[in-house]
Amino acid sequence: MTSHDISRRTAVTAVAATATAALLPAASAQAAVAATDSPAGTSTAPVFAHGVASGDPLPDGVLLWTRVTPEPDAVPGSGRGPAVDVAWQVAEDDGFTRVVAQGTVSATAATDHTVKADVRGLRPATGYFFRFTCGGVSSPTARTRTAPAHDAAVPGIRFGVVSCANWESGHFSAYRHLAARRDLDAVFHLGDYIYEYGTGQYPAPKYVVRPHAPAHEIITLADYRTRHGRYKTDPDLQALHHAHPVVAIWDDHEFANDAWTGGAENHTPGTEGDWAARVAAAKKAYFEWMPVRPSVEGTTYRRLRFGKLADLHLLDLRSFRSQQVKPGSGKVDDPERTITGRAQLDWLKEGLASSDTAWRLVGNPVMISPVAFGALPAHLLEPLAKLLGLPSGGVTINSDQWDGYTDDRRELIAHLNDRGISNTVFLTGDIHMAWANDVPTKAATYPLSSSAATEFVVTSVSSDNLDDLLHVAPHTVSLAAATALKAANRHVKWLDMDSHGYGVLDVTAEQAQMDYYVLSDKADPAATASWARSYRTRSKSQRVERADAPVR
């Protein structure tokens, strides 16, 4: 497959170096990179080359993760290496003089020598330190935090929000800047944690910042394990996992581009095998390598709660969806087609209706707000089509997003309106742009029609967006495209088509605010970050408005 064969890209506080060094010593980062694809030197001692992580915080516990290399040739995806016992500890202090929980798990080749410990019995809303040991060798020490008690009157919570990190497109500086913050309860990763392409397929070879491993498009279990292993050697990604619990969901590139229940845009059964086998391999590797607690076998949709302030409904919009149809066709309205699947949509509706929290947050891999495109100049339409899955002639919807499954969206929005469910905020990634949207009941008559919810879309950590595809300076030609899009979609209050970065979501009883931060240069491993914009939705308002400054 060449880059021209890819019809859609799942699209469009500066930090002192010592802060990251404290989380991930330089020696650990260097050892991790050295251990990715080759034996870890001549030493036979175990190595924690891929860091440690925590995720899915509960009021009484958290999920801990690591991967141990028990001997030099037991690299990710190799299937080699003996079973070893790995001990874990959770403590109130980084010196581990006050250990509150500990245990032992076995790391085997059957799980690529990854291990998880689902720790319970901890105190709510409490920070802890944790580490693993094997054969007398200790992992890096990391921090984590439990969620507030279910009935706690929480004054505020704050989350990092990220999406779309393509190894070959740039460095993961966004993770480093989030790792340096000490004010986050967790970090939400909204999908495309890894990318499946072969090296030089996306972006083109001349723009590759650093090569993938393996070099070919990943298809087998060994391939997916190797790719996850390569990602987990990144020092900024390790720093993020060492600093905060991560709550992750998948989108398409954890499998293949534009994935659906029966295939993907870049999966060729004749040469790449059975799609079901590829999905099974991708899911097995994902659950091995990610600090994710599966709610149902084979899916990542699940629910977490943060006191009385907010619950988080996490969606899986790849495992149950119907195949995408041609944008602009009447088939997008077919009630037999689905993006969620019946069971997940019912689960979401029930959860939103029964919620007793002040806010309902929805971790949503692809944009739910409708997007119509008016006439655009040809030089803008072509790259936008690549980002958003549109034919070159331009149409009114993106069939890979909720726009391609309008009956599911209509049912969900009607449910919010009919039940009087307020303060629903969709947190979205996928299209490598930053947006702040109202979610209109009827887009065609907005703003005269009501708004059922709001949506904050974060841009990519590194994956290409409009200026990258055009190879022009940021915020030049994109300004005309953004103006046209907002004119055709009055519920879109802001969008940035060119920047890379992350979001910080601050939630109180009165409002939910997203602060958008952008990177100076994704190709620079030492990129700085700066605040760009902030948008908020006030309680019961169902609409977004600009805020003058980030929440401090």
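**Entry 1**

I started with Asp 56, which counts as buried at 1% relative accessibility (buried is under 20% relative accessible area, exposed over 50%, partly exposed in between, with a 1.4 Å probe and protein chains only). Asp 56 is found in strand S1, residues 52–58; strands (E, at least two residues) and helices (H or I, at least four) are DSSP runs numbered from the N terminus. Its phi is positive, about 45°, although Asp 56 is not a glycine. I then looked up His 432, which also is not a glycine and has a positive phi of about 60°. His 432 sits in the loop between S15 and S16 and is buried, with a relative accessible area of 0%.

Residues are numbered from 1 along each chain as its sequence is written, and side-chain values use heavy atoms, leaving out hydrogens and water. The mean pLDDT (the predictor's confidence in each residue, from 0 to 100) is 90 for the protein chain, and 88% of its residues reach 70 or more. Over residues 1–41 the pLDDT is below 50. Where pLDDT is low, the predicted coordinates should not be read in detail.

**Entry 1: the sheet**

I traced an open sheet of 7 strands in the order S12-S13-S14-S15-S17-S16-S18, with mixed pairing; two strands pair if DSSP finds at least two bridges between them. S12 (302–306) and S18 (492–496) stand at the edges with a single partner strand each, so one side of each has no neighbour in the sheet. S16 (residues 434–440) and S18 run antiparallel and are joined by 4 bridges. Trp 435 stands opposite Leu 495 in S18.

**Entry 2: a helix pair**

I checked H4 (residues 221–231) against H7 (residues 275–289): their axes come within 8 Å and cross at roughly 35° (axes are lines fitted to C-alpha atoms, for helices over the stretch in contact, with angles from 0 to 180 degrees between N-to-C directions). Contact here means heavy atoms within 4.5 Å. Among the residues making the contact are Leu 221 and Tyr 224 of H4 and Ala 281 and Trp 289 of H7.

**Entry 3: cis peptides**

I found a cis peptide bond joining Tyr 202 and Pro 203, with omega about 5°. The bond from Ala 213 to Pro 214 is cis too, with omega near -10°. Pro 203 lies in the loop between S10 (186–189) and H4, and Pro 214 is found in the loop between S10 and H4.

Methods. Predicted model: local features only at pLDDT ≥ 70, side-chain atom pairs only at ≥ 80, totals over all residues.
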